[in-house]
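This report describes one protein chain, element by element. The sequence and the structure come first, and the text follows.

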Amino acid sequence: MGKVLTAIIAEEISNVVEKEGLLPMNHFSGRPGCTTTDTVHLLIHHIKDAWCRGKVASILFLDVKGAFPNAVTERVIHNLKRRGIPSRHVKYVANLLDRWLTQLKFDDYLSQPMTINNGIGQGDPLSMILYIIYNADLIEIAEGNQEESLGYVDDAIVIAEGENFHDTTSKIEDIMNRQGGAFDWSLQHNSNFENSKLTIMHAAQKRHKNKRTVRLPRPVLKLRGTEIKEVNSYKYLEIHVDYKLGWDIQSQNCTTHATKYLLAYR
C-alpha cells in the first residue's frame, strides 16, 4: 500500500509540475514525453546553431558524486516549497524522508540501527521527480544567449558559445565559479562534483588552411586546481557525440552491437 500511495503522490506532483511549468524546459527524464534522445537533439541543436553563426561551442560534462544518497532532506523540502509544490505533497515527502534507519550486515555481523539524515531512496516511485526538482537550480545557472545548460537526472551539461575556444573556456570557468554558479549549487546541495571525471569537448567545424585541415587552439580548462580532461568524443546517455558531429564512433559502436546480436541469432 505504501508503494501504491507513493506512486499516486509522484504522479500528482508530476502533473502539477507540467501543468504549472515549474521546471526548466531543458531538464529531461522523469517527465512525461521526455527521452534521452530529446536531450541529445537539443545538445546538437545548440552546437549547430553556434556553427551557423560562425562561432564555436565548448561543452562541459558534469559528474555528481552520489547524487541520490547525498541529497539533503531540508534542501529537498525547501526546493519543493520554492517551486510551488502543494503543501499537502510537501508534507507527505517530509514525513516520507524523516526518521530513516539502516543496518550494516556482512558475514555474521549485523550492526545496530543507524539514523540516515540525507538521501532520496533510489527506485522509489517518487525518487525521480524529487531529484529533478532538487537539482533544477543547476540547470538554470546559464545566463544569456551564449550560455546554456541541459540536464537528464544527474547528468548535467554546460555549453558556452564564443568566437574561439579561449572565449568559451573563459565563459565555462565563469559559469562554474561565479556567485550562484555551479560550485555554489554544489556546496548548498551537498552534491560534490567528481572533478577528476569532469570532461570538456570543444566542438568546431573543419577549418582549411592551405588545403590542409587544422584545428583551432584549445586552452586548458582548470577548475578548483584540477585540469579538466579534454576529449574528441564523449559517451553521453549511451550515445557517442564527437566534436565534428560526424558520428563515426557511434556508427562503429552500433555496427559492432548489431553484428554481435546477428551472430547470436544465427
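## Strand β1 and strand β7

H27 has G151 in β7 as its bridge partner. The strands here are DSSP runs of E of at least two residues, and helices are runs of H or I of at least four residues, both numbered from the N terminus. β1 and β7 run parallel and are joined by two bridges; two strands count as paired if DSSP finds at least two bridges between them. Five of the six residues of β7 are buried, so β7 is largely enclosed by the rest of the structure. Buried means under 20% relative accessible area, exposed means over 50%, and partly exposed lies in between, with a 1.4 Å probe and protein chains only.

This is a predicted model, in which local features need pLDDT of at least 70 and side-chain atom pairs count only at pLDDT 80 or more, while totals for chains, interfaces and linings use all residues. Residues are numbered from 1 along each chain as its sequence is written, and side-chain values use heavy atoms, with hydrogens and water left out.

## The open sheet

β7 also pairs with β8, in the antiparallel sense and over six bridges. E147 has A160 in β8 as its bridge partner. The two strands form a hairpin with two residues between them, and V153 in that turn has a positive phi of about 60°. β2 and β8 (residues 155-162) pair in the antiparallel sense over six bridges.

These strands belong to an open sheet of six, in the order β1-β7-β8-β2-β9-β14, with mixed pairing. Its edge strands, each pairing on one side only, are β1 (27-28) and β14 (229-230). Helix α7 (residues 165-177) packs on the sheet and touches β2, β7 (147-152), β8 and β9 (199-203). Contact means heavy atoms within 4.5 Å. The direction of α7 makes about 135° with that of β8; axes are lines fitted to C-alpha atoms, for helices over the stretch in contact, and angles run from 0 to 180 degrees between N-to-C directions.

## Q146 and K55

Q146 lies in the loop between α6 (136-139) and β7. At 28% relative accessibility, Q146 counts as partly exposed. Apart from neighbours within four places in sequence, Q146 is in contact with K55, I159, A160, E161 and K171. Q146 and W185 are 39 residues apart in sequence and 21 Å apart in space, C-alpha to C-alpha.

K55 sits in the loop between α2 and β2. K55 is buried, with a relative accessible area of 17%. Residues up to four places away in sequence aside, K55 touches A50, Q146, E161, G162 and E163.

## Helix α2

The 17 residues of helix α2 (residues 36-52) should span 24 Å at 1.5 Å a residue, and the end C-alpha atoms are 25 Å apart, which agrees. The expected span is 1.5 Å times one less than the number of residues. In α2, the residues T39, V40, L43, I44, H46, I47, A50 and W51 are buried. They cover an arc of only 155° around the axis, which puts them on the same side of α2; the arc is that of the directions from the helix axis to the C-beta atoms. An α-helix has 3.6 residues a turn, so residues three or four places apart point the same way.

The face of α2 turned away from the buried side carries the exposed residues H41 and C52. G54 follows α2 and has a positive phi, near 75°.

## Nonpolar core

A nonpolar core is a set of buried Ala, Val, Leu, Ile, Met, Phe, Trp, Tyr and Cys residues joined through side-chain atoms within 4.5 Å. The largest one has 69 residues, of which L60 and F193 touch the most other members. Helix α5 (residues 127-134) gives the most to this core, with six residues. Not counting residues up to four places away in sequence, L60 touches A156, I157, V158, I172, M176, L198, T199, I200, L221, L223 and I228.

Strands β15 (residues 233-236) and β16 (residues 239-242) run antiparallel and are joined by four bridges. Y236 stands opposite I239 in β16. Two residues lie between the strands of this hairpin, in which L237 takes a positive phi near 55°.

The chain contains nine helices and 16 strands. Of its 266 residues, 43% count as buried. The C-alpha trace spans about 70 × 55 × 40 Å along its principal axes. Among contacts between residues at least 6 apart in sequence, 68% join residues at least 24 apart.
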